[in-house]
Amino acid sequence: KRGCNAILGRCSSCVSVFLTFPQDYYGKTLKKTSDLKSNACLAPAQPIPAFVLKALKKIHPEVTSKYYGCGLVVPECLEGCKLLDLGSGSGRDCYMLSQLVGEKGHVTGIDMTEDQLEVARKYVDHHTREFGYEKPNVDFVQGYIDALKEAGLEENSFDIIISNCVVNLSPDKRKVLSDAYRVLKDGGELYFSDVYSNRKLSDEIKNHKVLWGECLGGALWWGDLVRLAQEVGFSPPRLVTANVITVDNMELEAILGDYQFVSATYRLFKVPKISNKASLVIYNGNIAGFGESLEFDAQYTFKVDEVVEVDGEVASILSHSRFAEEFTFQPPGVPAGCGVKKPKVGTVNPFELVLQLGSATVSSATGGCCGAESSCCK
């Protein structure tokens, strides 16, 4: 399969089941969200911020009904940004985010499934009128998330990449991450939700068609994500949220046995190598929708005017990304250890995070966007 590049869909005589089946599954087998056999590709029942709800209500019903992503992927500070959605499906997230990046921003969706792209493209003009824009700020490209160059996406061209429950559908996760790294600008971010297993999957599970379509058969062991992300150049992954996945099908449960799965959101940054030196930072409170505090990840929540000690990794992320203007670094006149908030112990293990919080559901931290007066993406 790998020898003839079938996993990238470029061999007419040999088409990999890993691509043909998901294409059929999302284009033909699934007709509506209720056809799914697990909650892996469903948004958890979490409170959704008002500005996101407002944006979602403006999206055409057909686009929403044929959306199969898991969770909501909405990073903070989007105004004016150029954003790429990996596995955009029917376009729900693209159209929601196209409102948050504003008319001067742009959203590109890439998906392999022709039936899904047909729905997404059908409503470009509709949403342009609905949002009051003079011209569209969203477009859709057919291609594979592990072949972005072949799809015509240029190097260093996006501020932010999001992905919602599709990385697991690619048999080459390293290529997905390396391609994402290539098309991101310096300081850019890959902010994505996907499915992870508590250990490496057996061949039986990996080769099960329905489990692939349900986002379980291609799930990464979470430890492999941490390793692969750093190998291709990203900063160490920052765990944002985690949510336990349930399977409501006896036949599939029997095959899965004691394997466990979570839907988790991570953020990866394309920033310089970190130093080991801790820094003091103060959140300025200028991000629209986050005037009092910013929940950056599961470890760090920044409150306005509160001095927080961050490790070298987070200091590098904050100072070299779109967040640089949102923080004051090493504020003068702050005695060491005096009135400084020490962060709680962090983890990159989503199963550990769930246990720490003592709940099957870790509350979602959907991000927001910068207001029109403060564009995060220049």
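The structure is a predicted model.

**Helices α2 and α4**

- On the α2 side, the contact is formed by F51, V52, A55 and L56, while α4 contributes R92, M96, Q99 and L100.
- By class, the contact of α2 with α4 holds six nonpolar residues, one polar residue and one charged residue.

**Helices α4 and α6**

- Helix α4 also meets helix α6, which spans residues 124–131; their axes come within 11 Å and cross at roughly 35 degrees.
- The crossing of α4 and α6 is right-handed.
- Residues Y95, S98 and Q99 of α4 touch V124, H127 and F131 of α6.
- This contact of α4 with α6 is made up of three nonpolar and three polar residues, with no charged residues.
- Residue Q99 of α4 takes part in the contact with α2 and also in the contact with α6.

- Strand β8 runs over residues 261–269, and nine of its nine residues are buried.
- In a regular strand, side chains alternate between the two faces of the sheet.
- On one side of β8 lie F261, S263, T265, R267 and F269, and on the other lie V262, A264, Y266 and L268; all of these residues are buried, and both faces of the strand are covered.
- Strand β5, residues 184–197, pairs with β8 in the antiparallel sense through nine bridges.
- Within β8, R267 has Y191 standing opposite.
- Strand β7, residues 238–244, is likewise an antiparallel partner of β8, with six bridges between them.
- Within β8, T265 has T241 standing opposite.

**The sheet of β12, β9 and β13**

- An open sheet is formed by three strands in the order β12-β9-β13, and the pairing is antiparallel.
- Strands β12 (307–310) and β13 (327–329) stand at the edges with a single partner strand each, so one side of each has no neighbour in the sheet.
- On average, neighbouring strands of this sheet are turned by 35 degrees against each other, direction ignored.
- Strands of a sheet pair through backbone hydrogen bonds, in either a parallel or an antiparallel arrangement.
- Strand β9, residues 279–283, is joined to β13 by three bridges, and the two strands run antiparallel.

**Helix α12 and residue V314**

- Helix α12, residues 312–320, lies across β9, β12 and β13, and runs at about 125 degrees to β13.
- Residue V314 is part of helix α12.
- With a relative accessibility of 0%, V314 counts as buried, because the cut-off for a buried residue is under 20%.
- Leaving aside residues up to four places away in sequence, V314 touches R238 and Y300.
- The C-alpha atoms of V314 and F296 are 10.0 Å apart in space, and the two residues are 18 residues apart in sequence.

Note on methods
Residues are numbered from 1 along each chain as its sequence is written. This is a predicted model: local features need pLDDT of at least 70, side-chain atom pairs count only at pLDDT 80 or more; totals for chains, interfaces and linings use all residues. Side-chain values use heavy atoms; hydrogens and water are left out. Contact means heavy atoms within 4.5 Å. Helices (H or I, at least four residues) and strands (E, at least two) are DSSP runs, numbered from the N terminus. Ala, Val, Leu, Ile, Met, Phe, Trp, Tyr, Cys and Pro count as nonpolar, Asp, Glu, Lys and Arg as charged, and the others, Gly among them, as polar. Two strands pair if DSSP finds at least two bridges between them. Axes are lines fitted to C-alpha atoms, for helices over the stretch in contact, and angles run from 0 to 180 degrees between N-to-C directions. Buried means under 20% relative accessible area, exposed over 50%, partly exposed in between (1.4 Å probe, protein chains only). A crossing is left-handed if the near helix is turned anticlockwise from the far one by less than a right angle, and right-handed if clockwise.
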